[in-house]
Amino acid sequence: MSRPGVVFIGTEEIGWRCLEALLELDARVVGIFTLTEARAKEAVAFRSFRPFLDRSLPVEFVDDINAPEVIERIRSLRPVLAYEIGWSQILSKPLLETPTDGCVGMHCSLLPRHRGRAPVPWSIIFGLRKSGMSLFHLSAGPDDGDLIGQSTFAIQPDDSATEVYAKSVDAAEQLVRIYHPQLEAGTAPRVRQDPR
C-alpha cells in the first residue's frame, strides 16, 4: 500500500531542516512549495530550496500560497497531510481544507504562550530562560490550533536571537522526527490549547 502523500510549504533554514527530516523518514513528499527568489529577501533566515530540484523532488516557486491557482495545484496532488514551516502567510480556509488529514505547522514558543509574530525576539525581550517549539494543527486563527507536541530548550542570559533561532530549528527537526510517523499512522496526539 502506498504511503500517504505529503505537501510541504516552507522556506528558511527551519523549513529546510524539517523537510530533510521528512525525507529521511521516507515520507512520500508529493509537492514542495517555496518562495520565488524575488520574494526570498523578505524571509528571515532564508535558505533556497532550489537544491531539492537536483534531487528530482517536485519543487514549485510561488509568491502567494493562497492564490487560487496554487491551491488548485496542491489539490491536484491529493495530499493527505500538509506541513507549513517557515512561511509567513496564514493559510486560507480552502487551503487548510485541501489535505484530508489537515495541515500542521510550527511556532517557536510553548503555545498557547506568545502566539503571533517574532516569538524569538520576544523571548529575549521578555527575559525568558525557557522556551520551545510547538507542532500543532493549523486552523483559521493564528497559532491557535490543537497541539501535537512540544520540545523545550533553555535560553541563556547572553543568547542572541540567532542562537535562540538555532535552538528552535533543532527542536523543530526533533518534533518532525518524533511525530511524523504518528501523524502518518493517525495516532498523533491532539490536545486543545488552554487559553488560560
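Axes in these legends are lines fitted to C-alpha atoms, for helices over the stretch in contact, and angles run from 0 to 180 degrees between N-to-C directions, while contact means heavy atoms within 4.5 Å. The model is predicted, so local features need pLDDT of at least 70 and side-chain atom pairs count only at pLDDT 80 or more, whereas totals for chains, interfaces and linings use all residues. Residues are numbered from 1 along each chain as its sequence is written, and side-chain values use heavy atoms, with hydrogens and water left out.

**View 1. Helix α6 across the sheet.** Helix α6 lies across β1, β4, β5, β6 and β7, and it runs at about 150° to β7. Helices (H or I, at least four residues) and strands (E, at least two) are DSSP runs, numbered from the N terminus.

View 2. Seven strands form an open sheet in the order β3-β2-β1-β4-β5-β6-β7, with mixed pairing, where two strands pair if DSSP finds at least two bridges between them. The strands at the edges are β3 (59-62) and β7 (147-154), each of which has a single partner strand, so one side of each is left without a neighbour in the sheet. From one strand to the next, the twist averages 20°.

**View 3. The pairing of β2 with β3.** The strands β2 and β3 run parallel and are joined by four bridges. Opposite Glu60 in β3 stands Phe33.

**View 4. Helix α1 and its packing.** Helix α1 has 13 residues and reaches 19 Å from its first C-alpha to its last, close to the 18 Å expected at 1.5 Å a residue; the expected span is 1.5 Å times one less than the number of residues. Its buried residues include Ile14, Trp16, Leu19 and Leu22, where buried means under 20% relative accessible area, exposed over 50%, and partly exposed in between (1.4 Å probe, protein chains only). The buried residues of α1 pack against β1 (5-10), β2 (28-35), β4 (81-85), β5 (103-107), β6 (130-137) and α6 (161-185). After α1 comes Asp26, whose phi is positive, near 65°.

**View 5. Glu20 in helix α1.** Glu20 is found in helix α1, which covers residues 12-24, and Glu20 is buried, with a relative accessible area of 18%. When its neighbours within four places in sequence are left aside, Glu20 is in contact with Phe52 and Arg55.
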